[in-house]
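Have the sequence and the 3D view side by side.

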Amino acid sequence: MGETRRILVLGASGLIGRFVTDDLRARGFHAIGAARGYSASQKTSALDLELPLLALDSSALARLIGDHGIEIVVNCVGLLQDAPGNRVGAVHRDFVARLLQAIKASGRTIRLVHISIPGAGTHDRTAFSATKREAERLIAASGVAYAILRPGFVIAPSAYGGSAMVCALAALPFALPAALSATAFQPVMVEDVAATVAWLAARDIEDKRADAVVWDLMQQQPMTLGGVIELFCRSLGTSHYPRIRLPSFLLDLGAKLGDLTSWLGWMPPMRSTAIAELRRGVTGDPSAWMAATGIVPADLNKARLRSATIQDKWFARAYLIKALAIASLVVFWTVSGFIALFVSYDAAAGILRAHAFPPALVAPITILTSLMDMSIGILIAFRRTAGLGLVAGIVASLGYMLGAAILTPDLWIEPLGALVKTAPAIVLMLVALLMLDSR
């Protein structure tokens, strides 16, 4: 069956979706991945489709299912928090409602495998968890064959979002507040999630063991968030680091700043919803899942993650620094342009006058270069245009250095070394540009 069964994985560019898609293909399934977009390294097959999933109505989804002869749909689509153009309700609840309509309208017998979150609904405190639970209720009442999987904290070879933040915390000399570190936090390896999807995909639609099931996917043994971070510390070789315990208010401040940057198109892992879900913890009972599938998840209290490679270490150390680099460059460009235009306009124009610039050009050049600097800062601030802004900043900086070498060479030996300091700024922009990818 596994060699012919056709599976559609929705959200195939995410942490779970990408791994599940690749794993299904390795097992011989005909797995079609669908996502809004892929990085160049993710799109490895003609079966990886780029589609505006959240914009598709039920008819378009039904055609997608019918055209590819789909028998299993795996829904990995998710959103942590509201962002420009996306709302968690639209992603978790409304999309699932259209998907259920599409499955019914396709005229095919299809099993829906839905990736949800663990925990009791009575503990839902965020729009993220509440809308996830609404989707579960829609699925249970739909009459469609389904399996709802509730993975714990997913540990995977790649890192994104929460797993990337945990990895970064392990690499740096900081520790979470004691109460947060003690929060129950049951992990699961992404291989176990993928094995479960494959087990379900291999079952006939009439198999009652795979119908109308809701399983918690996580290790049985209790574990804490601090214990999970310690796993990464051992992998990275940082267990011996002395650590500064972060106060709770600093996490809350970071979350608020993360919320702000999310409206600029960035998707930082530290946002209000992420902190709220961390404080809630990750718990569940995997016994039903283990009994049905025979899968025994690794006990990470006793096991250890693979030893980190040098690229793992570089990523972990640089992950949070990336945000600092971007923020620094935004402030650098916008503030320098603002100062030249509004605070020290006469001094900025005076430099040009002192070097025999035509009087008619002094004001236009001062104003235009100041506006250009502020524009570069604004471009870098928005995720969609950050790459363009960084390239523009590098080009502008090189232009300033070249222009100064020709027109005002004495500025190169100015005591404060303003032009000399431009070179490190170019290097920082280049580093930020190279680190811009998030997947």
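Is aspartate 373 buried or exposed? Aspartate 373 is buried, because its relative accessible area is 10%. Buried means under 20% relative accessible area, exposed means over 50%, and partly exposed lies in between (1.4 Å probe, protein chains only).

A word on the source. This is a predicted model, in which local features need pLDDT of at least 70 and side-chain atom pairs count only at pLDDT 80 or more, while totals for chains, interfaces and linings use all residues. Residues are numbered from 1 along each chain as its sequence is written, and side-chain values use heavy atoms, with hydrogens and water left out.

Back to aspartate 373. This residue lies in helix H14. Helices (H or I, at least four residues) and strands (E, at least two) are DSSP runs, numbered from the N terminus. Setting aside residues up to four places away in sequence, aspartate 373 touches Trp333, Thr334, Ser336, Gly337 and Tyr400. Contact here means heavy atoms within 4.5 Å.

The lining of the second largest pocket has 32 residues, and Ile351, Asp373, Tyr400, Leu411 and Leu419 lie nearest its centre. The volume of this pocket is about 1,300 Å³. Which helix gives the largest share of the lining? H12 does, with seven residues. At least two lining residues come from each of helix H12 (310–343), helix H13 (345–354), helix H14 (359–381), helix H15 (386–407) and helix H16 (422–434).

Pockets and cavities are found on a 1 Å grid over the protein atoms alone. A cavity is a set of points where a 1.4 Å probe fits but cannot get out; a pocket is an open set with protein on both sides within 12 Å along at least five of seven lines. Lining residues have an atom within 4 Å of a point. Grid points are joined across faces, edges and corners, and a volume is the space filled by probe spheres set on the points.

How many cavities of 30 Å³ or more does the structure hold? It holds one. The largest cavity has a volume of about 30 Å³. Ala171, Leu236, Thr238, Lys313 and Arg317 line it.

Next, the loop between H15 and H16. Isoleucine 413 sits there. This residue counts as exposed because its relative accessibility is 72%. Leucine 428 is 15 residues away along the chain, and the C-alpha atoms of isoleucine 413 and leucine 428 are separated by 22 Å.

Turn to strand E5 (residues 111–115), where leucine 112 is found. Leucine 112 has a relative accessible area of 1%, so it is buried. What surrounds leucine 112, leaving aside neighbours within four places in sequence? Its contacts are Val73, Asn75, Leu99, Leu100, Ile103, Ile139, Val144, Ala145, Tyr146 and Ala147. Take asparagine 75 from that list. It is 37 residues from leucine 112 along the chain, yet their C-alpha atoms are separated by 7.4 Å.

Leucine 250 is in helix H9 (residues 248–262), and it counts as partly exposed because its relative accessibility is 38%. The C-alpha atoms of leucine 250 and proline 177 are 9.9 Å apart, with the residues 73 apart along the chain. Alanine 212 is in the loop between helix H7 (190–202) and strand E10 (213–217). With a relative accessible area of 43%, alanine 212 is partly exposed. Its phi is near 55°, a positive value in a residue other than glycine.

Finally, the whole chain. It has 16 helices and 11 strands. Its C-alpha atoms fill a box of roughly 85 × 50 × 35 Å along the principal axes. Of its 439 residues, 49% count as buried. Among contacts between residues at least 6 apart in sequence, 76% join residues at least 24 apart.
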